[in-house]
Amino acid sequence: MSRIGKLPIAIPAGVTVAQGADGVVTVKGPKGELSQKVDSSIIVKIADGHITFEIDENSPVNIKQKQAFHGLYRSLVNNMVVGVSEGYKKVLELVGVGYRVSNQGNLIEFTLGYTHPIFIQLPKEVKVETKSERNQNPIITLETCDKALLGLICAKIRSFRKPEPYKGKGILFQGEVIRRKSGKSASAK
C-alpha cells in the first residue's frame, strides 16, 4: 500500500467529481475542467465529499506496479482538484543585460541576447502576464488549472536561456537562488 495513495482527497465546495465507465475521472470547478484516465488496477470511490483510491486485488498487474499506480493516480487527481479550485501560478524572472519579454494575448516574444527574437504560442488554458519596469528584471506570470501543463511550459521557457552559475544570468523562477561558481581567475591564486 502506498502511504500517499491511502490518503483521502477532500472535495472542496464548488467542485464536482465524476467517474466515467471507462475509468476516466473528471473534475469540474470554478477555474476549469480536467480529466484523467485511471488504470483498471485502481478502484476510485467518490462518497461523502471525499475521493479514495484502493488497489484491485483481482487485477492481473503485478503488485509493485499496482502500488506505484496507487500513489500516482491519487496525486494526479489531487492536483486536478487543487487546480480547478485554486489554480496554479508560476513567476519567471529574466536576469541578464538586454533581456526583454512582451506578450500579445498568449503569444510571448523573448529577446534573450540571440540574433533573433524567440516566439512561443501558449495554449488558451494558460493566462500569461508580462511586466517590464525600469531598473527591474522582466517578469512573466503564468496561471492555469493544469499543474502538468504549467510545468511543461515553464521548462520550455527556461530552456531558451538556462541559468548559468558564473554570472547568474538566465531565466529563473522568482526567488530561485543559483549556486555561483568562481571563474578561472579566482581558482588560479
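**A walk through the model**

Author: Let's start with Arg158, which is buried, with a relative accessible area of 18% (buried means under 20%, exposed over 50%, partly exposed in between, with a 1.4 Å probe and protein chains only). This is a predicted model, where local features need pLDDT of at least 70, side-chain atom pairs count only at pLDDT 80 or more, and totals for chains, interfaces and linings use all residues. Residues are numbered from 1 along each chain as its sequence is written, and side-chain values use heavy atoms, with hydrogens and water left out.

Reader: OK, which element does Arg158 lie in? And what is Arg158 in contact with, leaving aside neighbours within four places in sequence?

Author: Arg158 belongs to helix 3 (helices are DSSP runs of H or I with at least four residues, strands are runs of E with at least two, both numbered from the N terminus). Its contacts beyond those neighbours are Leu92, Pro163, Ile171, Leu172, Phe173 and Glu176, with contact meaning heavy atoms within 4.5 Å.

Reader: And Gln136, buried or exposed?

Author: Gln136 is exposed, at a relative accessible area of 52%. Its place is the loop between strand 11 (127-131) and strand 12 (139-144). From Asn58 it is 78 residues away in sequence and 59 Å away in space, C-alpha to C-alpha.

Reader: How many bridges join strand 5 to strand 6?

Author: Six, between residues 42-47 and residues 50-55, running antiparallel. Ile42 has Ile55 as its bridge partner, and Ala47 has His50. Two residues sit between the strands of this hairpin, where Asp48 takes a positive phi near 55 degrees.

Reader: What about the sheet with the order 8-9-10?

Author: That is an open sheet of three strands, again with antiparallel pairing. Its edge strands are strand 8 (100-104) and strand 10 (118-121).

Reader: Now pockets. What volume does the largest pocket have?

Author: About 220 Å³. On a 1 Å grid over the protein atoms alone, a pocket is an open set of points where a 1.4 Å probe fits, with protein on both sides within 12 Å along at least five of seven lines, and lining residues have an atom within 4 Å of a point. Grid points are joined across faces, edges and corners, and the volume is the space filled by probe spheres set on the points. Of the 15 lining residues, Lys31, Glu125, Lys127, Thr144 and Cys145 are closest to the centre.

Reader: Which element gives the largest share of that lining?

Author: Strand 4, with three residues.

Conventions. Two strands pair if DSSP finds at least two bridges between them.
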